[in-house]
Amino acid sequence: MPSFDAVSEIDWQEVRNAVDQSKRELGTRFDFRHVDAGIELDNKTIQIHAEEKFQLQQLLEILKTKFVNRKVDIKVLHPGVITPSGKTKRQVFTLIEGIDRDTTKLISKCVKDLNKKLQVQIQGDQVRISGKKRDELQETIAALRELDIPMPLQFKNYRN
């Protein structure tokens, strides 16, 4: 019976590369010369800091362009609150990996609304969808891509 898994995963090596490239660009930018600004990657967070709020926005744009260039979806960045810390302002972005319970229910409901003979199994932070026909599974993948989900979806383990 053909099946596939809908997952939300992050390629951590590409995230590290994007952050490193952002740091290098920050060092060469003229508008950040003599400015206390930086980007750090911790376990599952990215912290940016700068002296002014508009500089935080510029740092975020640098980071987003590097993410896009490295083929990392920017939906994984969940912004935190901008907090003043001395003369600088900080913002922490949490990197979201895995599908939460509400999103799995939304995916399950979408698949059932297609009126296809498909089975949906929620397996922790991924969803396995199986059916008898490959065409129905491909239509399901297309329908899931059109959903407005706050995290990136990948479709893996496509089996016949």
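This is a predicted model: local features need pLDDT of at least 70, side-chain atom pairs count only at pLDDT 80 or more; totals for chains, interfaces and linings use all residues.
User: Why would residues of one strand end up on two sides?

Analyst: In a regular strand, side chains alternate between the two faces of the sheet.

User: Which sheet order and pairing does S1 belong to?

Analyst: S1 is part of an open sheet of four strands, in the order S7-S8-S1-S9, with antiparallel pairing.

User: What makes S7 and S9 edge strands?

Analyst: Each of them has a single partner strand, so one side of S7 and one side of S9 have no neighbour in the sheet. Ignoring direction, neighbouring strands here are turned by 20 degrees against each other on average.

User: How do you know that S1 pairs with S9?

Analyst: Pairing requires at least two bridges between the strands. S1 and S9 are joined by four bridges and run antiparallel, so they pass. In S9, the residue opposite valine 7 is glutamine 154, while arginine 159 stands opposite serine 3.

User: How many bridges join S1 to S8?

Analyst: There are four, and these two strands also run antiparallel. Serine 3 has serine 130 of S8 as its bridge partner.

User: What joins S7 and S8?

Analyst: They pair in the antiparallel sense over six bridges.

User: How many aromatic pairs does a search of the whole structure find?

Analyst: The search turns up one aromatic pair.

User: Why is the pair of phenylalanine 4 and phenylalanine 155 called by the name it has?

Analyst: Two rings pair if their centres lie within 6.5 Å, and planes over 60 degrees apart count as edge-to-face. The two ring centres are 5.7 Å apart and the planes stand at 75 degrees, so this pair is edge-to-face. Phenylalanine 4 belongs to S1 and phenylalanine 155 to S9, so the pair ties together parts 151 residues apart in sequence. Both phenylalanine 4 and phenylalanine 155 are buried.

User: How do you know that the span of helix H4 agrees with its number of residues?

Analyst: H4 covers residues 134-146, which is 13 residues. At 1.5 Å a residue it should span 18 Å, and its end C-alpha atoms are 19 Å apart, which agrees.

User: Which residues of H4 are buried?

Analyst: They are Glu136, Leu137, Thr140, Ile141, Ala143 and Leu144. Seen down the helix axis, they fall within an arc of 165 degrees, so they line one face of H4. On the other side, Asp135, Arg145 and Glu146 are exposed.

User: What do the buried residues of H4 pack against?

Analyst: Their partners are S1, helix H3, S7, S8 and S9. H4 packs on the sheet, and its direction makes about 175 degrees with that of S9.

User: Why is leucine 77 placed in its accessibility class?

Analyst: Its relative accessible area is 11%. The cut-off for buried is under 20%, so leucine 77 counts as buried. Leucine 77 is found in strand S4, and its contacts beyond four places in sequence are Ile46, Leu63, Phe67, Phe93, Thr94 and Leu95. Its C-alpha atom is separated from that of serine 3 by 29 Å.

User: What makes the phi of histidine 34 worth a look?

Analyst: Most residues other than glycine have a negative phi. Histidine 34 has a positive one, near 65 degrees. This residue is found in the loop between helix H1 and strand S2. Exposed means over 50%, and histidine 34 reaches 77% relative accessibility, so it counts as exposed.

User: What about the phi of asparagine 115?

Analyst: Asparagine 115 is not a glycine, yet its phi is positive, about 55 degrees. It is found in the loop between H3 and S7. At 71% relative accessibility, asparagine 115 counts as exposed.

Definitions and conventions: Residues are numbered from 1 along each chain as its sequence is written. Side-chain values use heavy atoms; hydrogens and water are left out. The expected span of a helix is 1.5 Å times one less than its number of residues. Buried means under 20% relative accessible area, exposed over 50%, partly exposed in between (1.4 Å probe, protein chains only). The arc is that of the directions from the helix axis to the C-beta atoms. Contact means heavy atoms within 4.5 Å. Rings of Phe, Tyr and Trp (its six-membered ring) pair if their centres lie within 6.5 Å; planes under 30 degrees apart count as stacked, over 60 as edge-to-face and the rest as tilted. Axes are lines fitted to C-alpha atoms, for helices over the stretch in contact, and angles run from 0 to 180 degrees between N-to-C directions.
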